[in-house]
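I opened this entry to keep track of what I looked up. The notes follow the order in which I checked things.

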Amino acid sequence: MKEDAVLPSIRQLARDLKISVITTTRAYSDLEQEGFIANVHGKGCFVLPHNSELARENALHKADNGLSAVIAAAKTEDISKD
């Protein structure tokens with residue numbers, strides 16, 4: 001979506017997708033925490049400008065979490081480094 005685009009309201013999106021308002025609220029919250037959207041009280045949610053540094057940081061964080069899970073599983077099953 002383009003920068004500054006207005007997202008549908010949580011209730012409208014939930015209705016359009018036929019999903020729970022709670023699920024939609026969680027999705028918007030996650031997007032806000034990850035720096036993709038901003039919630040302006042009384043005005044709605046807007047798409048934030050692309051921040052390549054933030055996107056890289058998020059990708060590194062996800063990769064780190066994934067590698068940590070793999071290492072933990074390997075240790076649990078006594079899988080060698082080789």
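Is the crossing of helix 1 and helix 2 left-handed or right-handed? I found a right-handed crossing for helix 1 and helix 2. The residues in contact there are Ile10, Leu13 and Ala14 from helix 1, with Val21, Thr24, Thr25 and Tyr28 from helix 2. I note that the model is predicted.

Next I looked up the geometry of this pair. Helix 1 covers residues 10–17, and its axis comes within 9 Å of the axis of helix 2, at a crossing angle of roughly 120 degrees. Helix 1 and helix 2 are therefore oblique to each other.

I then turned to the nonpolar core. The largest one has five residues, and Tyr28 is one of them.

Leaving out residues up to four places away in sequence, Cys45 touches Ala5, Val6, Leu7, Tyr28, Ile37, Ala38 and Asn39.

Last, I searched for salt bridges. The whole structure has one. Arg26 and Asp30 form a salt bridge, with 3.0 Å between the closest N and O atoms. Both residues sit in helix 2 (residues 21–33), and because they are four residues apart, about one helical turn separates them. I checked exposure for the two partners: Arg26 counts as exposed at 55% relative accessibility, while Asp30 is partly exposed with a relative accessible area of 26%.

Methods: Residues are numbered from 1 along each chain as its sequence is written. This is a predicted model: local features need pLDDT of at least 70, side-chain atom pairs count only at pLDDT 80 or more; totals for chains, interfaces and linings use all residues. Side-chain values use heavy atoms; hydrogens and water are left out. A nonpolar core is a set of buried Ala, Val, Leu, Ile, Met, Phe, Trp, Tyr and Cys residues joined through side-chain atoms within 4.5 Å. Buried means under 20% relative accessible area, exposed over 50%, partly exposed in between (1.4 Å probe, protein chains only). Contact means heavy atoms within 4.5 Å. A salt bridge is a side-chain nitrogen of Lys or Arg within 4 Å of a carboxyl oxygen of Asp or Glu. Helices (H or I, at least four residues) and strands (E, at least two) are DSSP runs, numbered from the N terminus. Axes are lines fitted to C-alpha atoms, for helices over the stretch in contact, and angles run from 0 to 180 degrees between N-to-C directions. Angles under 35 degrees count as roughly parallel, over 145 as roughly antiparallel, 65 to 115 as roughly perpendicular and the rest as oblique. A crossing is left-handed if the near helix is turned anticlockwise from the far one by less than a right angle, and right-handed if clockwise.
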